[in-house]
Amino acid sequence: MRHTVKDHGAAVVGQGQLRRSVGVFGLTMISLGSIIGSGWLLGAYKAATHAGPASLLSWLLATVILGVLALIHAELGAAYPVAGGTARFPAFAFGRLAGFTAGWAAWLQAVTLAPIEVEASLTYLDNIGWAHRHLHLLNQHDATLTTHGLLLGTALMALFTVINLVGVKFLAESNSVAVVWKVAIPLLTIVVLLALSFHPGNFGAGGGFFAKGPQGVFAALPAGVVFAAQGFEQCMQFGGEARNPQKDISRAILTAMAISAVVYILLEVAFIGSLNPADLVHGWDKPMAKGSFGPYATLAGAAGAGWLVSILYADALISPAGTGLVYMGTASRLSYAQGHAGDLPKGLSRLTRRGIPVWAVILAFVVGEIAFLPFPSWQSLVGLITSATAIMYAFAPVSLTALRRRDPQRPRPYRVRHGHLVAPIGFVAANLVIYWGGFDTTWKLEVGIGAGLVLFALTQVLRKESLPISKGDWRGFAWVPVWLAAAVVLGYLGNYDSGGFRAGGGELAVLPNLVDLLVVAAVNLAVYFWAITLPLPTQEVHALVAKDEAAPADTLDPPVSVTT
């Protein structure tokens, strides 16, 4: 069955097929719900500590970077509307090894985001007096979850699992209700703070607009800005379940990006303008005397809007939980896609008669539970997830160009203008985000990617019907390890770590400031133009796409016809 199906009414579901039941509104809400999570409650504070008032430029820069990547994903998602799209586009262009690497990075990001969002909700909840006194959710010495916190976190993860097992249509509908709330509360917060407590002088206080220098603008990106603003691609992971994917996916991506960009920039304006000027006398390292984990609630309380404080603490549970719900669904679709492709164990590709990848959902729950163990704090994991997201995004520009060359006749309902220029710019932009995340983040993430490749190899050995790795797969993969190695080396020689810009220098900061950005751009442009010479032959591309477009053969249940 090709994805050019235009029947918006009844759909016959046989052999455990994914159901095409999500419309443009539901897809938009999936992406928007992924973008607006715990990041909106924390992103402005974290950005201000790194860049001061110039953090406004950080949000604008993130909007430009992610906007370019969103345009690229919009074309790919509309042309190839398959489940787990971020993993499949590189596979179509460069073969199984490159596709698995992209998909594994995406899966690492998605499967850890749900428990992190849950942990953020519980940490906010612990800031409420009665919860802190009676629920005992956090260990006070290191802010990790207590036994009570683990139990409540497990309950939330179990709820996400149940919703995902019920079906994608129910997931989209329940998420849409949450997203309406998640957008309304930030907008309400902006209006209230601007009306009650706005100090224009704050934008020049504490050392001026560029209080932390231009480098602070870049350092703020992996510290919370990109983490808050990323997520536009999530509707694409449900491409196999979209009702009219050729038109709706691109619309959903671009609409969600536009709405979230406006909201986040206005939130930063409201945050900076509402700070107490007395707290900025000594700079921006600690722009609030207290309330760093609940900054908007603290500002609302200081402005006399106690009623808004209560709403914000309620939102601190709803917004992150809603994002966690979507990312659990995303993680399951990614592992389903790779199981169906033969890259991971076959059981992950099995569908129930309701079209649910049940074992993939259960795996996301189990790994999420493991992530609740006493690992580093929410903030330290933000940088890791941001870099994983950037690696995932970086595969899209090279895939776009390669697929345009190898599959030029493919209908493209949305086409990026000047794609030959936009694609290399997008690749460089994604790699700059990786660089700004720092060496200590990059090497840890790439160790995780290496572990995934070991799992891939074991799957090929143990899975009876495993497909051989072709010469085209090896050729299409050749640029990937070189690119990843270059990212580690550039980080080692560069001026950033997970704490931000190393203003005082250090043993690794050997590239001249700002020149380092040109070096990163030049190296990655060389990688880009090499990579686009290595795609699979046209016939292999067509065969891979046709396989994903065909009805899945793996099923746990007998065929059944369902009208939706």
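Colleague: Is Arg412 buried or exposed?

Modeller: In this predicted model, Arg412 is buried, because its relative accessible area is 14% and the limit for buried is under 20%.

Colleague: Which residue does Arg412 meet in a salt bridge?

Modeller: The side chain of Arg412 meets that of Glu75, at 3.0 Å from N to O. The two residues are 337 apart and link distant parts of the chain: Arg412 is in the loop between H16 and helix H17, whereas Glu75 is in helix H3.

Colleague: And what is the relative accessible area of Glu75?

Modeller: Glu75 has a value of 1%, so it counts as buried.

Colleague: How many salt bridges does the structure hold?

Modeller: There are three. One of them pairs Lys212 with Asp285, whose closest N and O atoms are 2.8 Å apart. Both residues lie in loops, Lys212 between helices H8 and H9 and Asp285 between helices H12 and H13, so the pair ties together parts that are 73 residues apart in sequence. Lys212 is partly exposed at 28% relative accessibility, while Asp285 is exposed at 61%.

Colleague: Which residues are joined into one network by shared partners?

Modeller: Glu75, Arg404 and Arg412 form that network through their salt bridges.

Colleague: Let us change topic. How many helices and strands are in the chain?

Modeller: The protein chain has 22 helices and two strands. Of its 564 residues, 60% are buried.

Colleague: How many residues are in the largest nonpolar core?

Modeller: That core has 164 residues, and those with the most contacts inside it include Trp40, Phe232 and Trp483. Helix H5 supplies the largest share, 17 residues.

Colleague: What does Phe232 contact, leaving aside its neighbours within four places in sequence?

Modeller: Its contacts include Ile35, Leu66, His73, Met257 and Tyr393.

Colleague: Where is Arg96?

Modeller: Arg96 is in helix H5, which covers residues 96-126. Arg96 is buried, with a relative accessible area of 7%, and its side chain makes a polar contact of 2.8 Å with the side chain of Gln460.

Colleague: Finally, which residues make the nonpolar surface patch of about 350 Å²?

Modeller: Trp359, Ile362, Val366 and Ile370 make that patch. Trp359 lies in helix H15 and is partly exposed, with a relative accessible area of 45%.

Notes. Residues numbered from 1 in each chain as written. Predicted model: local features only at pLDDT ≥ 70, side-chain atom pairs only at ≥ 80, totals over all residues. Heavy atoms only, no water. Patch = residues over 30% accessible without salt bridge, like charges linked within 9 Å, V, L, I, M, F, W, Y side chains within 5 Å. Areas by Shrake-Rupley, 256 points an atom, 1.4 Å probe, with all protein chains shown as cover. Salt bridge = Lys/Arg side-chain N within 4 Å of Asp/Glu carboxyl O. Helix = DSSP H or I, 4+ residues; strand = E, 2+ residues; numbered from the N terminus. Buried < 20%, exposed > 50% of the residue type's maximum accessible area, 1.4 Å probe, protein only. Polar contact = N/O pair within 3.5 Å; in protein donor to acceptor, adjacent residues only side chain to side chain. Core = buried A, V, L, I, M, F, W, Y, C linked by side-chain atoms within 4.5 Å. Contact = heavy atoms within 4.5 Å.
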